[in-house]
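Biologist: I am new to this structure. Please walk me through it, one question at a time.

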Amino acid sequence: QGNSTFLNHCTDRAFAVAPGIFCSAGTTGVPEVQGRVFVAQGFPNPFRKNVAIRFALSRPGAVEVDIYSADGRHVKRLASGPFAAGEHVVNWDTGRSLVSGVYFYKVRAAGEESTGKLIRTE
């Protein structure tokens, strides 16, 4: 699985199958795929104070974006509510009080979940 494979799939509609793939300039990196939700790696990663999580929806629906610590503790809900179909970016300004370490994000939409890892440095 590399960028060229994903890009070829996006440009060759002969391979598109239900429920479909949402392809845009923002999803040209290899996404983590889970059902109908594509989550690109948080960027920048590692990060110091600000990080963004990019995802794309093939159809509108309720979305929740949460951050968890490495020990599973819920740290912050970044987004909750209806989102339109298309590409979205959710930003997280951690401030200075968040300790360095490994964190995980979880995006839930349309009954599906997708997760990724973030690394906070000082």
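**A charged network and the strands around it**

Modeller: Glu64, Asp66, Arg77 and Arg108 are linked in a network of salt bridges. A salt bridge here is a side-chain nitrogen of Lys or Arg within 4 Å of a carboxyl oxygen of Asp or Glu. This is a predicted model: local features need pLDDT of at least 70, side-chain atom pairs count only at pLDDT 80 or more, and totals for chains, interfaces and linings use all residues. Residues are numbered from 1 along each chain as its sequence is written, and side-chain values use heavy atoms, with hydrogens and water left out.

Biologist: How many salt bridges does a search of the whole structure find?

Modeller: Side chains of opposite charge can pair when their charged atoms come close. The search covers the whole structure, and the number of salt bridges is 6.

Biologist: What is the N to O distance in the salt bridge of Glu64 and Arg77?

Modeller: Glu64 lies in strand E4 and Arg77 in strand E5. Strands (E, at least two residues) are DSSP runs, numbered from the N terminus; helices (H or I) need at least four. The pair links distant parts of the chain, 13 residues apart. Their side chains meet with an N to O distance of 3.3 Å.

Biologist: Is Glu64 buried, partly exposed or exposed?

Modeller: Buried means under 20% relative accessible area, exposed over 50%, and partly exposed in between (1.4 Å probe, protein chains only). Arg77, the partner of Glu64 in a salt bridge, has 39% relative accessibility and so counts as partly exposed. Glu64 has a relative accessible area of 25%, so Glu64 is partly exposed.

Biologist: How many residues apart are Glu64 and Arg108?

Modeller: The side chains of Glu64 and Arg108 also meet in a salt bridge, at 3.0 Å from N to O. Glu64 is in strand E4, while Arg108 is in strand E7. The pair links distant parts of the chain, and the separation is 44 residues.

Biologist: Why does Arg108 count as buried?

Modeller: Arg108 is found in strand E7. Leaving aside neighbours within four places in sequence, Arg108 is in contact (heavy atoms within 4.5 Å) with Ala62, Val63, Glu64, Asp66, Tyr68, Arg77 and Glu113. Arg108 counts as buried because its relative accessibility is 19%.

Biologist: In which order do the 4 strands of the open sheet come?

Modeller: Two strands pair if DSSP finds at least two bridges between them. Strand E4 (residues 61–69) and strand E7 (residues 101–109) run antiparallel, joined by 7 bridges. The edge strands, each pairing on one side only, are E5 (74–83) and E8 (112–120). The order is E5-E4-E7-E8.

Biologist: What is the bridge partner of Ile67 in E7?

Modeller: E7 runs antiparallel to E4. In E7, Ile67 has as its bridge partner Tyr105.

Biologist: What is the distance in space between Ala70 and Phe104, C-alpha to C-alpha?

Modeller: Ala70 sits in the loop between E4 and E5 and is exposed, with a relative accessible area of 55%. Not counting residues up to four places away in sequence, Ala70 touches Val102 and Phe104. Ala70 and Phe104 are 34 residues apart in sequence, and their C-alpha distance is 6.9 Å.

Biologist: What is the N to O distance in the salt bridge of Lys106 and Glu113?

Modeller: Lys106 is partly exposed at 22% relative accessibility. Glu113 is partly exposed too, with a relative accessible area of 36%. The side chains meet at an N to O distance of 3.7 Å.

Biologist: How many of the 8 residues of strand E3 are buried?

Modeller: E3 (residues 50–57) runs antiparallel to strand E6 (residues 86–93), and 8 bridges join them. Among the bridge partners are Phe55 and, in E6, His88. E3 is largely enclosed by the rest of the structure because the number of its residues that are buried is 6.
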